[in-house]
Amino acid sequence: MGESGLREYLDGTYKQARDQARVGLAEHVGLLTEALELPRDAYRDRVLDVLRSATDDGQTARGFPKEFGGGGDLGGFIAGFETLAYGDLSLLIKAGVQFGLFAGAILHLGTTRHHEAYLPDALNAHLLGCFAMTETGHGSNVQALRTTATYDPAAGEFVIHTPDVQARKDYIGNAARHGRMAAVFAQLVVGGETHGVHCLLVPIRDDEGNPMPGVTIGDCGEKLGLNGVDNGRLTFDQVRVPREALLDRYAQVDADGNYLSEIENPDRRFFTMLGTLVQGRVSVGGAAINASKVALALAVRYGSQRRQFGAPGAADEALLLDYRMHQRRLLPLLARTYALHFAQAELVDEFVRIFGAENADDPDQTSEHDRRALEAQAAGIKALGTWHATETIQACREACGGAGYLAENRFATLKADTDVFTTFEGDNTVLLQLVAKGLLTGYRESFGKLDPLGVAKFVTAQAVEIAVEKTAVRQLIERLRDAVPSRVDEGDSDAGLRDDDYHSGMVRFREQHMLAGVARRLKRGIDDGVEPFEVFNRCQDHVIAAGRAHVERIVLEAFATAVGRAPEGPARETLKLLYDLHALATIENERAWYMEHGRLSGARSKAITALVNELAAQVRPEAVELVDAFGIPAALVDVPMLPTTKQAVTAG
């Protein structure tokens, strides 16, 4: 197949950025051991040391404007960040907080004076910062945050205040030990009127590391994972900052206390501000997918070396990876990892198109529709990518038996450190609700409320009219019914199962059927006089399932596109094999639904299962090369359970 050629194809446009990150990870491989051995504060300081060393070659500033010491390479910045997931994940998150969130907020929400005053020091890690959005009482519902920033026109200052314990800033990275300044999200109050959530730069420590007056800092303490990140709690007691502390790209307060914004609608203004911060969601999803690659590299290599049982009377025991069940537990996950890799690559390309250097300061260059579509795509890939990491790492741990349970073999930290990925940058179920809302509205309206009541009203007023009453969705479903076979003859039960159109037709049918079903349920509830909130609440599981079905289709089609674009030869053939395995495993996972809705006969369902088994067996001889193509530095997978990593045994 040629592992090096496939690796080049996987690395894609941003190979140089990925290789640069790989070199840095290999140089600091000792951090993986130090994470297990050092006391918590020493480990945190060590992570900071490694982070600062990464600033020397410009890696961490790659995505920022050149005038502030950056490289103007947004795609390369995200690719490098994703690659950090091959190593210590506390380092990855520390980098994400400092450069993606804190510096990113300054870049995207601030104006020239903020850029000039703070970005150079933020990018070289001289000014360590926090992203203080989440509160004890509010995480996903950012619009309801309770911290206040009240303008005092006599002093020309904003007064930052925590009114109660539910408004305390919680889980804030860099807060407990290292942070000097926080990008604080608060309800902006000007002239007695609240204008919604805005972001202000608030110093939290002085040059000696002491809390600033009125700022109380706490430590979140030991966590399930990521203990190299100093997560803390921030409380503000009438803390004053100058008027210029407001990051005022989208709204300004003049010296006389007049609130000004070119975006008159407060909801649209809020979602415009948050939309510029979508990079964090894009990056977390990619990092989770790369963490899955590490787990698979370890488990596949272990399965290609470790022997257990065997045929009666045989001289040698069989390799684990030669067992059908071992192939079943690992290789469909390997195929899905490739699928998610290509879906993530498409997402990054779209993100760069919309937020790249040529459009960064001119939102009008891209349509509101494009930005909303990007946000939904990022939400969906993040949700599926992080859930996939949780499932894959657990399956790989089990596939390595007792060896997988030993901390020295990396699964313990992989499991613990990625667990929270399903929560931060948006809870996954909430994100899929966002995806479904975008589908139901067709991205037709601008920035409606994301709370269930707002969604229900918006959907019933707009999307149901379009999707049900005008029957556009029904017509599409009817066309798909004609295109997708629902039954085959007994003797022809595997006919067409490897046809790309069959795969696409099946997943599209499921997506559209579920979407139409949600719309009908919402309309029926409203017609029956049920309160909109209750209508939505009754349908919420259906809404989220429709969102997930949509993203699964996006992932499948991204994989198909990547196969088609691959150079002709063994690499493309291997990718097509993986694609078929992923496509049929995806359908197999939902075979009960397809059978309920008349899309699968019993015979065809059995044929799909048999073919998934056969495809996994065909992938098996290529499995080690497929994980080698991820390009994980050898030092990062040089674990005790793999004494022959560099010369893995393959099936004879």
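A salt bridge here is a side-chain nitrogen of Lys or Arg within 4 Å of a carboxyl oxygen of Asp or Glu. I wrote that down before anything else, and also that I'm looking at a predicted model.

**Entry 1: Asp41 and its partners**

I looked up Arg44 and Asp41: their side chains meet in a salt bridge, 3.5 Å from N to O. Both sit in helix 4 (residues 40-54), and being three residues apart there, they are separated by about one helical turn. How accessible is each one? Arg44 is buried, with a relative accessible area of 0%; buried means under 20%. Asp41, at 32%, is partly exposed.

Next I checked Arg177, whose side chain meets that of Asp41 in a salt bridge at 3.4 Å, N to O. Arg177 lies in the loop between strand 4 (169-172) and strand 5 (181-190), while Asp41 is in helix 4, so this pair ties together parts that are 136 residues apart in sequence. I noted Arg177 as partly exposed, at 33% relative accessibility.

Which residues are linked in this network of salt bridges? I listed Arg40, Asp41, Arg44, Asp45, Arg177, Asp219 and Glu222.

**Entry 2: another pair, and the count**

I moved on to Asp500, which forms a salt bridge with Lys576; their closest N and O atoms are 3.4 Å apart. Asp500 belongs to helix 17 (residues 500-527) and Lys576 to helix 19 (residues 570-589), so the pair ties together parts 76 residues apart in sequence. Asp500 is partly exposed at 32% relative accessible area, and Lys576 is partly exposed at 24%.

How many salt bridges are there by this rule? I got a count of 43.

**Entry 3: helix 2 against helix 5**

I then turned to helix packing. Helix 2 (residues 15-27) and helix 5 (residues 74-83) pack at an angle of about 35°, and their axes are 8 Å apart. The crossing of helix 2 and helix 5 is right-handed. From helix 2, the contact is made by Ala17, Arg18, Ala21, Arg22 and Leu25; from helix 5, by Gly76, Ala79, Gly80, Glu82 and Thr83. Sorted by class, I have four nonpolar, three polar and three charged residues in this contact.

Terms used
Residues are numbered from 1 along each chain as its sequence is written. This is a predicted model: local features need pLDDT of at least 70, side-chain atom pairs count only at pLDDT 80 or more; totals for chains, interfaces and linings use all residues. Side-chain values use heavy atoms; hydrogens and water are left out. Axes are lines fitted to C-alpha atoms, for helices over the stretch in contact, and angles run from 0 to 180 degrees between N-to-C directions. Helices (H or I, at least four residues) and strands (E, at least two) are DSSP runs, numbered from the N terminus. A crossing is left-handed if the near helix is turned anticlockwise from the far one by less than a right angle, and right-handed if clockwise. Contact means heavy atoms within 4.5 Å. Ala, Val, Leu, Ile, Met, Phe, Trp, Tyr, Cys and Pro count as nonpolar, Asp, Glu, Lys and Arg as charged, and the others, Gly among them, as polar. Buried means under 20% relative accessible area, exposed over 50%, partly exposed in between (1.4 Å probe, protein chains only).
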